[in-house]
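Visitor: Hi, could you walk me through this one? I'd like to start with charged side chains and then move on to the sheet.
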Amino acid sequence: MDIDIVSVFPEYFEVLNLSLLGKAQAKGLVHVSSHNLRDWTHDVHHSVDDTPVGGGAGMVMKPEVWAECLDELLGLAPQEIVETVHETAIPDNTDDIDDASVTEDADVAKHADDWPVLIFPNPSAPLFTQADATELSRKQHLIFGCGRYEGYDARIPEYYRAQDVDVREYSIGDYVLNGGEVAVSVMLEAITRLIPGFMGNAESIVEESYTGDNALLEHYQYTKPAVWRGMAVPSVLTSGDHGKVDRFRRDEALAKTSRIRPDLIEALDCTALDKKDRKALMALGWNVSGAHPRR
């Protein structure tokens, strides 16, 4: 996988040379290049931002600088797009909303894995999930753009979508950071660890939180000693009975998910649950007679 990162602080990503991601780069599984956005400026101050159109606090990153950089990384020539984006906050014809969303999904789906994907962290965007990480781990080329200040001009992602580029905008949580560098690091770690050969033990990612169909939070983990400062690990884990251990961990995952993330329980497919799963959920107060568990 080739990864390009554009930032006004490219040195931030020296951390990617550490740990497993550093080893993956040494093995040739991943190649990471960080670029300084200011290298595409032409003024003496290397300015990448300007005041917001319409007024307001802060500064907004300029589209012309980003475009020169991204055109080069994507191998595209400049184009004129004759349209005004985000003209109204609410569509005049709400009957068209479903059709528009279907079209956008289809645009994403039609891009092959060898097409580059352009990704911008954005606290106003859809939440980045394990499913997104899994899909992106199959891509051959990812380009990340790190916003700063009040963010990037909204025309930038719209322009490249109009150029038939696979553009994604993701939030990593309901909070705001100073810039996109931390968010890119988070997404990169989630994505690259799913590349075949990245992890020393591939089995370690099979039962993780949010992973696979009917995803749950992972059960609790323990190590030796079996008793530490008077606190013993659950006795079933030292029983040697692998069947009981597996069931205990599954029940623990169901109980933990029910307590912390009941929305994940509500998303489970009841037809995919076995009798013991159903019994455990019923004991936790869930009705499993329908398509999905309900309180």
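Guide: Arg247, Arg250, Asp251, Asp274 and Asp277 are linked in a network of salt bridges, a salt bridge being a side-chain nitrogen of Lys or Arg within 4 Å of a carboxyl oxygen of Asp or Glu. Please keep in mind that this is a predicted model, in which local features need pLDDT of at least 70 and side-chain atom pairs count only at pLDDT 80 or more, while totals for chains, interfaces and linings use all residues. Residues are numbered from 1 along each chain as its sequence is written, and side-chain values use heavy atoms, with hydrogens and water left out.

Visitor: And how many salt bridges does the structure hold?
Guide: The structure holds 12 salt bridges.

Visitor: What about arginine 247 and aspartate 277, are they buried or exposed?
Guide: Both are buried, which means under 20% relative accessible area, where exposed is over 50% and partly exposed lies in between (1.4 Å probe, protein chains only). The side chains of arginine 247 and aspartate 277 meet at 2.8 Å, N to O, in a salt bridge.

Visitor: OK, the sheet now: what is its strand order?
Guide: The order is 2-1-6-5-7 in an open sheet of 5 strands with parallel pairing; strands (E, at least two residues) are DSSP runs numbered from the N terminus, and two strands pair if DSSP finds at least two bridges between them.

Visitor: Which strands stand at the edges?
Guide: Strand 2 (31-36) and strand 7 (166-170) do, and each has a single partner strand, so one side of each is left without a neighbour in the sheet.

Key: Helix = DSSP H or I, 4+ residues; strand = E, 2+ residues; numbered from the N terminus.
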